[in-house]
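Thanks for coming. Please look at the structure on the screen, and I will go through it part by part.

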Amino acid sequence: MSYFRPDIEAMEGYVPGEQPKGRVLTKLNTNENPFPPSPKVVEAIRNFPFEELRKYPAPYSDPVREAASKVYDIPADQIIAGNGSDDILTILFRSFVGEGHTVGWLNPSYSLYPVLANIQGGEHLTVDLKDNFGLPDNLAEKAKSSKLFFITRPNAPTGNAFEKDRLREFIANYHGIVVIDEAYADFCEDNCFDMIDEFPNVIITRTLSKSYSLAGIRAGLAFSNKNIIMGMHKVRDSYNVNGLTQAAAAAALLDQDYFLKNTQIVIDTRKKTAKRLQELGFDVKPSEANFLFCIPPINAEEFTHKVKEGGFLIRYFNTKGIDNYVRISIGSQQEMNEFLALTESILQDNK
Ligand code: PMP
């Protein structure tokens, strides 16, 4: 007999990417940043007044919201911070989804959405992307039974950024809340911040895990109109972002020079890696994120195993409709050179 709710007992939890233990493997499997966090982050943590840890942190995460407000030029009352953007997503599900409510997302996209929907007792509505991973036609019509819909832009794991005009058309014709998950938007040429003022039903989520090299500190953000943000504050844990994270996240946001320099290097490395993989016979899908989604010239699962034997972790995908793909996170230029050399030798051996 179980003390858990039957639906929780039966459900599968979120499966995080492999975190290697023991043998040193280069992690190109969970889209982390190859660069260390900004020196300003280290300084903020070193200078953190430790006696303050006795007290609760700022409940509204004001240091983070004020820093984000400065950087994005959006008022602080239109911003909420979270313990990673996964926390923000949890707040969204808790805010908008009750027992039996329908929540939608695209397939494929981020595998946490169904887990959070299940926890709320929500129903799933998944809409398949087009064959080229583009936004489906008539999405508003297809999504109309849902009250909350997630658009990941750039999408994960496919890497492409949906056309903004088509996204606008969807939002204008959809009656529920649209969450644009911009976890990877800093690696993309544009973003959807302009849609917050344009539409009353848009929420944008961001993370500091990828572009700010802070996956370990857990910091995320959401942006929307004042009313929606106020509602979300009612739902978050009372002190959902710890004091050290608040200091570190604010310092990272305010060091834009460091952020912009590293982000540009990751983008350049992505372009070079994509080109070389294409030369090696990979079908590389267009990416505006810090990873590449591709079909290797040999079996994807076998390739993933061989790459691991050679010291690299990548992610193999074999889910509904996406078979034989791998997702490769962009590491440092040196890591990618080593990865490409290994790939070349694997393909040679396979001839
Ligand atoms: N959204 C997407 C699309 C992601 O890929 C991730 C990272 N797994 C997240 C949100 C969550 O990021 P974090 O909780 O580290 O901020």
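This is a predicted model: local features need pLDDT of at least 70, side-chain atom pairs count only at pLDDT 80 or more; totals for chains, interfaces and linings use all residues.

Which residues of α5 are buried? In α5, which runs over residues 112-119, they are Leu112, Tyr113, Leu116 and Ala117. These residues cover an arc of only 135 degrees around the axis, so they sit on the same side of α5. Just after the helix comes Gly121, with a positive phi of about 75 degrees.

Now helix α7, residues 164-173. Its buried residues are Leu167, Phe170 and Ile171. Down the axis of α7 these fall within an arc of 95 degrees, and therefore they line one face of the helix. The face turned away from that buried side carries the exposed residues Asp165 and Ala172. What do the buried residues of α7 pack against? They pack against the helices α6 (139-142) and α8 (194-198), and against the strands β5, β6 (177-181) and β7 (202-207).

In soluble globular proteins, nonpolar side chains tend to be buried together. The largest nonpolar core here has 65 residues, and those touching the most other members are Val178, Ala248, Ala249 and Ala252. Which helix gives the most to this core? That is α10, residues 243-254, with eight residues. As for Val178, leaving aside neighbours within four places in sequence, it is in contact with Phe149, Ile151, Ile171, Asn201 and Val202. Another core, of 25 residues, lies apart from the largest one, and its members include Val266, Ala274, Ile314 and Ile330.

Two single residues now, as a pair of examples. Ala81 is in strand β2, residues 79-82. Is Ala81 buried or exposed? Ala81 counts as buried because it has 29 C-beta neighbours inside 10 Å. Not counting residues up to four places away in sequence, Ala81 touches Ser61, Val64, Arg65, Ala219, Leu221 and Val241. Pro63 is 18 residues from Ala81 in sequence, and their C-alpha atoms are 9.8 Å apart.

The other example is Asp237, in the loop between α9 (226-235) and α10. Asp237 has 12 other C-beta atoms within 10 Å, so it is exposed. Asp237 and Asn173 are 64 residues apart in sequence, with 33 Å between their C-alpha atoms.

On to the domains. Domain 1 is made of two stretches, 14-36 and 257-349, while domain 2 covers 39-255. Taken over C-alpha atoms, the centres of the two domains are 25 Å apart. Domain 1 puts 27 residues into the contact, and domain 2 puts in 25. On the domain 1 side, α11 (256-279), β10 (291-295), β12 (315-319) and β13 (322-329) each supply at least two residues. The largest share of that side, six residues, comes from α11. By class, this side of domain 1 has 14 nonpolar, seven polar and six charged residues.

Last, the ligand. Which residues surround the ligand? They are Gly84, Ser85, Asp86, Tyr110, Thr152, Ala156, Asp181, Ala183, Thr207, Ser209, Ala215 and Gly220. This shell has four nonpolar, six polar and two charged residues.

That is the end of my part.

Note on methods
Residues are numbered from 1 along each chain as its sequence is written. A residue is near a molecule or strand if its C-beta atom, placed from the backbone, lies within 6 Å of it. Ala, Val, Leu, Ile, Met, Phe, Trp, Tyr, Cys and Pro count as nonpolar, Asp, Glu, Lys and Arg as charged, and the others, Gly among them, as polar. Domain bounds come from an automatic or database domain assignment. Two residues are in contact if their C-beta atoms, placed from the backbone, lie within 7 Å. Helices (H or I, at least four residues) and strands (E, at least two) are DSSP runs, numbered from the N terminus. A residue is buried if 20 or more other C-beta atoms lie within 10 Å of its own, exposed if 12 or fewer, and partly exposed in between; C-beta atoms are placed from the backbone. The arc is that of the directions from the helix axis to the C-beta atoms. A nonpolar core is a set of buried Ala, Val, Leu, Ile, Met, Phe, Trp, Tyr and Cys residues joined through C-beta atoms within 7 Å.
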